[in-house]
Amino acid sequence: MTVNDDSFTNWMHREEIAESMIPIIGKLHREQDVNVLLHSRSLVNKSVVSILKTHRFARQIAGEELIVTETMPFLRALTTLDLGPSQIDIGMLAATYRSDGRGLSVEEFTAEAVAGATGENKIERRASRDVVLYGFGRIGRLLARLLIEKAGSGNGLRLRAIVVRKGSGQDIVKRASLLRRDSIHGQFQGTITVDEANSKIIANGNEIKVIYSDDPREVDYTAYGIKDAILIDNTGRWRDREGLSKHLQPGIAKVVLTAPGKGDVPNIVHGVNHDTVIPDERILSCASCTTNAIVPPLKAMADEYGVLRGHVETVHSYTNDQNLLDNYHGSDRRGRSAALNMVITETGAASAVAKALPDLDAPITGSSIRVPVPDVSIAILSLRLERETTREEVLDYLRNVSLASPLKRQIDFISAPDAVSSDFIGSRHASIVDAGATKVDGDNAILYLWYDNEFGYSCQVIRVVQHVSGVEYPTYPAPAV
């Protein structure tokens, strides 16, 4: 047998193990509300090849590849436990087990590491929380995909309705088609049917009512059986408390905005300040995609090195508020063709930092350039630190933050030397540190932070909604503080 034959045999063996993982992961998710992760990446509803690729990707952040033969014993160990709703990272279980010198068996170590989710400690399943999407554009449809994906066991969040303005003929059919097919993010994972007679889109068994309205004050959601719902406004039409309060109609308990809030509306970046949301707050904002991209790494750097001042330059993909061809636009420069030009524009992300990080006593300035790509942006964060450091120290620190800190769902890390923007389409992290591009000189550090300004941001919005709805489940092993 040749070396190539050995490699192929090894690959087929890994495929076989990954294939056997799928029903275990699915059963844990459906029956016990357990989301199995691998270094913060969900393995639920993933294919054999996707599971193997996720294991291989671990080498980019952990320095070495994980193999399914290492993680499978931990997955099997989970099936023997009386688990409650939780997120369990088998990548972290395997990594921490390697460094544990107590001689425990995999079963003993796993039981100890996830003890907070078992037996008397486990969280009881909560009833589904209704969610309404107000608007069904780029972010709205991605939020719909995520909500449908996370319906899982039937607990957690449940998308009940979308509210839109009435379009021309076959309105629902066209909206369902846009949900089914996306030029950037690909096909919807599942089946979608349309019930025009009852104004419903049925996606993976989820019945979603399509409500037509030009004024949020005209909708009584209880008439559709919706109660105590969280409404996500992804139109950006109203951004202050007075405007967003129009959504607080019968059936709606809270309003979440997918744009920077104005006035006293809290701007929340999950992982950084989501725990500051007071229980009776009814209106809040998830800030902008760029704010979500820069605030977590900025907090990480400030915590470790201190930050005296900073500047962020975003190279941002074009968005729907720009013109495809030169035409009139109310804002400067945005009237010029988005597909043909780099367009200098403003960003509110730098000023939004103060809301998310009020304890950061450092001026942060910012500007933005829109460029002719449809998705994925990069933030270049230049910082003056309180102490000198080295590039190696910063990269080691940020790698560890991405692996084992409370910010590991927000910050990803990649060391691939030839990574480009399209590689990050579909990333669920708020930002990805590009190790190869990082610059450090004494007390000056420049971080290059990729982010999927559509999908990664949508994931952050869902995390905020899960938190304020009380269905955000704890992660095990618990991240280091």
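This is a predicted model: local features need pLDDT of at least 70, side-chain atom pairs count only at pLDDT 80 or more; totals for chains, interfaces and linings use all residues.
The second largest pocket has a volume of about 1400 Å³. The lining of the pocket comprises 46 residues, while β5 is mostly covered.

**Lining of the second largest pocket**

- Of the 46 lining residues, those nearest the centre of the pocket are I139, T319, N320, D321 and R370.
- By residue class, the lining contains 22 polar, 14 nonpolar and ten charged residues.

**Elements that contribute to the lining**

- At least two lining residues each come from the helices α6 (138-149) and α9 (289-305) and from the strands β6 (181-182), β14 (307-317) and β16 (364-371).
- Helix α6 provides the largest share of the lining, with four residues.

**Strand β5 and its burial**

- Strand β5 spans residues 157-164.
- Seven of the eight residues in β5 are buried.

- Strand β4 (residues 129-134) runs parallel to β5, and six bridges join the two strands.
- Within this pairing, V131 has L159 of β5 as its bridge partner.
- Strand β10 (residues 206-212) also pairs with β5 in the parallel sense, here over four bridges.
- At the β10 pairing, V163 stands opposite I211.

Methods:
Residues are numbered from 1 along each chain as its sequence is written. Side-chain values use heavy atoms; hydrogens and water are left out. On a 1 Å grid over the protein atoms alone, a cavity is a set of points where a 1.4 Å probe fits but cannot get out, and a pocket is an open set with protein on both sides within 12 Å along at least five of seven lines; lining residues have an atom within 4 Å of a point. Grid points are joined across faces, edges and corners, and a volume is the space filled by probe spheres set on the points. Ala, Val, Leu, Ile, Met, Phe, Trp, Tyr, Cys and Pro count as nonpolar, Asp, Glu, Lys and Arg as charged, and the others, Gly among them, as polar. Buried means under 20% relative accessible area, exposed over 50%, partly exposed in between (1.4 Å probe, protein chains only). Two strands pair if DSSP finds at least two bridges between them.
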